[in-house]
Amino acid sequence: MTTPTTRPTSRAATVVAGVPLALCAAVAALTTVAALALITSQFRPVLVLPLGLLAAAAAAAVVFRVMPATPTRTLLPNLLVLVGALVCVGFNLKYSAQEIWVFRDPSTYALTGEWLAHHATAFIHTQPDVFGSVPGVGDTSLGFGRLSPGTIQSQYPDAAPMLVAIGGWFSDSALLRVAPLIGGVALLGFYALVRSVVTEWWALGATALLAVSLPMLNFSRAVYSEPTTMVFLLGGLALLFLCDEVGGWPVHVVTGVTFGAAEIARLDGGLYLLAVSAYAVMRLARAVDRRAAVREVAALAGAAVLVFLLGVLMTRRLSPLYWAGHDKETVGLLAPAVLVALVGAVVVLLAWGPPERRTKALALVPRTAWTVAGIVVLLGIFGATRPFWLVHHHFVRADFTIAEEILQKAKHIRVDGTRDYAENSMTWIGWYYGAVVVAAGVIGAAWLVLRFGRTGKPALVAFLLVFLSSSVLFLWYPNIAPDQIWVMRRFLPIVIPGFVIAAAYVGHRLGLLGRPAQVVAAVLVVASFGFAIDTSQTLARVRQAVPELAEVENVCANLPANAALLVSGELADTYAMTARAYCRVPVATLKAPTQATLATVAATARAHGKTLMLLADNAAVLPAGTTPQPVSTLVIESWNTTLQQPAQASGHPTRSMYLLAVGADGALTTPANQHTLTNIPS
């Protein structure tokens with residue numbers, strides 16, 4: 001029988017095995033270059049594309065150069081996952097979302113990306129002089145706050161907007177189709193991490209399960225920060241296994257950049273530096289060549305911290321209002337990494353000390369692992385039983401409370417705006433992945449802790465610490481609105497992948513116990529897939545917010561070349577940035593327009609060479625006597641929001657938009673020859 005060390009290898013198998021790792025590293029390098037360009041207000045194709053692609057190619061080259069010889073037997077599953085990722089990307093492209101009407105984060109990300117696709121800076125200039133200083137006229141909207149008079153900014157970190165903006169350099173529709181590509185790379189990063197823990201075939205199955213699940217489908221179709229974070233976090237964790245296997249400071253630098261880039265995507269990136277600290281401690285403690293280990297750890301930590309600080313600086317500069325509300329949280333999330341580093345210094349001193357002291361210290365590891373494994377199981381039982389004995393409340397702020405109360409009333413649920421339903425967090429995961437994955441995930445996590453106790457593998461403890469700490473933190477209190485499927489985005493970067501990986505490890509171990517155990521594992525796998533597919537199939541072919549792109553493009557096409565646009569009614573909160581980003585004309589808000597106010601604004605606009613237009617989605621907000629004709633009447637697809645059950649139904653509301661010319665006297669008229677868009681059969 002062939003032993004693992006003598007199994008035949010091939011160059012093709014090695015290259016194919018390196019593709020998922022290289023892609024994650026390349027995206028991180030590209031994002032870092034884009035971040036440097038954006039923070040200096042030089043986000044231009046002529047700069048970002050050549051330098052970003054060069055950095056991406058360099059990062060990928062480092063990965064391919066150090067990839068160890070890979071057994072030929074791995075070629076088929078590694079090829080299949082590449083094909084599967086392409087199939088997932090194609091499917092999600094077909095059903096990609098068009099969330100550009102500001103309601104929640106995805107539309108803010110998408111509109112920021114659309115702005116960046118046509119501007120070199122994240123500072124959004126609103127040209128208030130075109131509209132004058134009339135009371136009631138403003139320039140901000142949901143997701144965008146005022147930095148100074150005439151300048152607003154997006155409220156969130158910019159990794160996802162920058163990446164989709166690159167697609168926007170080609171076309172507006174291409175911008176919205178970058179999200180499924182990011183989701184595909186995230187799946188490959190997940191696969192690369194899973195195969196570091198189990199065999200390639202089990203990793204392939206775990207990746208397929210994640211790919212068909214409703215959370216992964218939904219969040220890969222619109223511009224969310226979570227799939228981007230997955231690329232950096234899961235790819236970085238997988239790269240740590242490669243670092244541990246092959247060594248060398250170049251691959252440690254690339255891995256550090258990949259980890260640090262998570263902060264460019266989300267403000268909780270500091271929590272993921274815990275993996276860097278844990279790996280560094282064990283790498284140094286186990287080192288044979290201590291000088292080489294110090295160089296590698298310094299390269300890893302230095303690159304991670306530098307890119308992390310770039311992410312912090314970007315958010316502070318480009319989204320200061322958002323930073324002001326989250327700065328303490330961001331700093332606080334660094335505490336686990338710092339604590340592990342401080343404790344780790346003692347561990348390294350013991351490991352580098354006299355042999356007898358090292359032996360005594362190492363003897364503690366298996367016993368500690370058993371203790372931690374027991375705690376993991378107890379915490380799993382605690383989390384799973386919480387709905388039976390706990391009702392969780394948390395007050396965020398008044399607008400959150402009001403929004404939740406509205407949803408509770410609509411669903412005929414007891415009204416209590418402080419209910420966050422966090423006691424159901426493990427139940428939520430069970431809704432989309434099944435009880436088998438939840439239970440096996442807890443058991444598998446404990447089992448992997450014991451595996452670390454036996455092996456002391458640095459990359460394994462890095463994964464376990466990030467997964468377990470994130471699970472405890474977010475499963476206890478997700479700190480997000482609790483409606484479905486929205487709340488599941490909190491668990492997507494690492495909690496859900498961690499459960500699936502740990503469950504796959506249980507299946508892998510069962511497969512080693514003989515035919516009866518293999519049959520049990522097969523049944524559990526089939527049950528898990530059946531559950532996930534059954535949950536996702538009702539919404540898998542429903543495109544969120546379509547055709548919002550055609551809607552805004554029709555508005556833009558109907559504007560005169562010298563237009564200045566007022567958005568009114570509820571659109572003042574939700575659509576100002578949509579029109580500004582896509583139509584690229586001066587835009588202001590006026591919630592309750594009167595004829596006198598409109599006449600004043602129209603005069604100011606004329607003085608600046610502009611023709612004033614007004615956009616509304618409700619004729620009732622217009623001045624009395626106005627008889628508008630809609631510029632569009634469209635049925636918009638959407639996933640229904642739920643609270644006490646998984647997302648499973650869709651709605652098709654009809655929306656009309658009214659685009660009107662403002663006369664010198666403030667009267668509103670429908671322009672002649674206006675092109676009307678509708679998708680309702682006549």
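Author: The largest cavity holds about 60 Å³ of space. A cavity is a set of points on a 1 Å grid over the protein atoms alone where a 1.4 Å probe fits but cannot get out, and lining residues have an atom within 4 Å of a point. This is a predicted model, in which local features need pLDDT of at least 70, side-chain atom pairs count only at pLDDT 80 or more, and totals for chains, interfaces and linings use all residues. Residues are numbered from 1 along each chain as its sequence is written, and side-chain values use heavy atoms, without hydrogens and water.

Reader: Which element gives the most to the lining of the largest cavity?

Author: The lining includes C88, P180 and M216. Two or more residues each come from α3, α7 (178–194) and α9 (214–219); helices here are DSSP runs (H or I, at least four residues), numbered from the N terminus. With four residues, the element that gives the most is α7.

Reader: Does T74 count as buried or exposed?

Author: Buried means under 20% relative accessible area, exposed over 50%, and partly exposed in between (1.4 Å probe, protein chains only). T74 lies in the loop between β2 (70–71) and α3 (75–94). Because its relative accessibility is 1%, T74 counts as buried.

Reader: How does W389 count by its relative accessibility?

Author: W389 is placed in helix α17. Because its relative accessibility is 47%, W389 counts as partly exposed.

Note on methods:
1 Å grid on protein atoms, 1.4 Å probe; cavity = no way out; pocket = protein on both sides within 12 Å on 5 of 7 lines; lining within 4 Å. Points joined across faces, edges and corners; volume = space filled by probe spheres on them.
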